[in-house]
Amino acid sequence: MAYRDFPKLNGSFINLRELSVNDAKLITSFMNYKIAKNLYDVPYPYTMKNAVDFIRSSHSDFNSFNAIHFAIEYKSVNDSLPFVGVIGLKGIDLVNRKASLGYWIGEEYWDKGIATAAVQLVISYAFSELELEEIYAYVLLENKPSIRVLEKNGMNQIGEINEYHSVSGMYRTSLKYMIRGSDKN
Ligand SMILES: CC(C)(COP(=O)(O)OP(=O)(O)OC[C@H]1O[C@@H](n2cnc3c(N)ncnc32)[C@H](O)[C@@H]1OP(=O)(O)O)[C@@H](O)C(=O)NCCC(=O)NCCS
């Protein structure tokens with residue numbers, strides 16, 4: 001893989017940038033049970049060490065280009081750019097041109113359209129810059145806000161699976177969503 005500069009994606013009210021170890025404190029404070037219970041790949045309770053390890057692994061994942069995780073910044077009214085969440089493309093497969101999408105937003109910033117805008121920016125980057133053809137997302141059956149985010153971005157449900165979920169310690173049903181590059185044409 002040739003060296004790539006980390007992309008900076010700018011939307012009308014959010015920016016997506018590389019994660020920094022300076023984000024670890026906020027990631028740790030945001031990662032409450034309401035968020036963790038909807039994710040498959042975070043430990044809970046979540047510690048500062050978990051956040052620092054995640055940020056460091058996001059940098060090595062970018063270097064090998066297995067995954068790209070962005071910090072989400074919100075352009076709030078007073079021109080500050082607070083860190084509000086994370087969005088990532090994982091399992092990037094440039095040969096078969098696919099990847100899967102995951103994201104979370106700090107609870108105090110919910111219902112402002114931030115996840116919808118972040119998903120839109122990442123899908124657009126994945127199709128136009130990475131030339132992927134398929135983007136997947138797995139969402140728990142009861143996670144209505146996230147289902148809404150995926151559907152608002154033109155993703156369609158293509159399957160359902162029941163698998164072990166470590167945060168809740170039980171088997172849970174997830175829906176598999178997909179969008180094809182050709183769907184955007
Ligand atoms: C899911 C999540 C990312 C959404 O982030 P967000 O920035 O609040 O999302 P948006 O504001 O862009 O969109 C949320 C949509 O869900 C809708 N919504 C909120 N609560 C809802 C509910 N209980 N039932 C149905 N829709 C709901 C909102 O009205 C909005 O839709 P609208 O724009 O049509 O009004 C956020 O709640 C979160 O981080 N949850 C925990 C982690 C998670 O679930 N990650 C995704 C894993 S697949």
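This report covers aromatic pairs, the nonpolar core, salt bridges and backbone features of a predicted model.

## Basis

The model is predicted, so local features need pLDDT of at least 70 and side-chain atom pairs count only at pLDDT 80 or more, while totals for chains, interfaces and linings use all residues. Residues are numbered from 1 along each chain as its sequence is written, and side-chain values use heavy atoms, with hydrogens and water left out.

Helices (H or I, at least four residues) and strands (E, at least two) are DSSP runs, numbered from the N terminus. Buried stands for under 20% relative accessible area, exposed for over 50%, and partly exposed for values in between (1.4 Å probe, protein chains only).

## Aromatic pairs

The structure holds twelve aromatic pairs. Rings of Phe, Tyr and Trp (its six-membered ring) pair if their centres lie within 6.5 Å; planes under 30 degrees apart count as stacked, over 60 as edge-to-face and the rest as tilted. Phenylalanine 13 and tyrosine 74 make an edge-to-face pair, with 6.3 Å centre to centre and 85° between the planes. This pair links distant parts of the chain: phenylalanine 13 is in the loop between β1 (9–10) and β2 (14–18), and tyrosine 74 is in strand β3 (residues 68–74), 61 residues apart. Phenylalanine 13 is partly exposed at 25% relative accessible area, whereas tyrosine 74 counts as buried at 16% relative accessibility.

Tyrosine 74 also pairs with tyrosine 109; the centres are 6.0 Å apart and the planes at 70°, so this pair is edge-to-face. Tyrosine 109 lies in the loop between β5 (98–105) and α4 (114–128) and tyrosine 74 in strand β3, so the pair ties together parts 35 residues apart in sequence. Both tyrosine 74 and tyrosine 109 are buried. Ring pairs link Phe13, Phe30, Tyr74, Phe83, Trp104 and Tyr109 into a cluster.

## Nonpolar core

A nonpolar core is a set of buried Ala, Val, Leu, Ile, Met, Phe, Trp, Tyr and Cys residues joined through side-chain atoms within 4.5 Å. The largest such core has 60 residues, and Leu16, Ile87, Leu89 and Leu101 touch the most other members. Helix α4 gives the most to this core, with eleven residues.

Leaving aside residues up to four places away in sequence, leucine 16 touches residues including Phe70, Ile72, Ile87, Leu121 and Val122. Contact here means heavy atoms within 4.5 Å.

## Salt bridges

There are seven salt bridges, each a side-chain nitrogen of Lys or Arg within 4 Å of a carboxyl oxygen of Asp or Glu. Aspartate 23 and arginine 17 form one of them (2.9 Å, N to O), and both residues are buried. Arg17, Asp23 and Glu73 are linked in a salt-bridge network.

Lysine 49 and aspartate 53 form a salt bridge (2.6 Å, N to O); both lie in helix α3, four residues apart, about one turn of the helix. Glutamate 134 bridges to lysine 98 (3.5 Å, N to O). Glutamate 134 is in strand β6 and lysine 98 in strand β5, so the pair ties together parts 36 residues apart in sequence.

## Backbone features

The peptide bond from tyrosine 44 to proline 45 is cis, with omega near 0°. Proline 45 lies in the loop between α2 (33–36) and α3 (48–64).

Aspartate 111 is not a glycine, yet has a positive phi of about 65°. Aspartate 111 is in the loop between β5 and α4 and counts as exposed at 79% relative accessibility. Glutamate 131 also has a positive phi, near 55°, and is placed in the loop between α4 and β6 (134–140). Glutamate 131 is exposed, with a relative accessible area of 53%.
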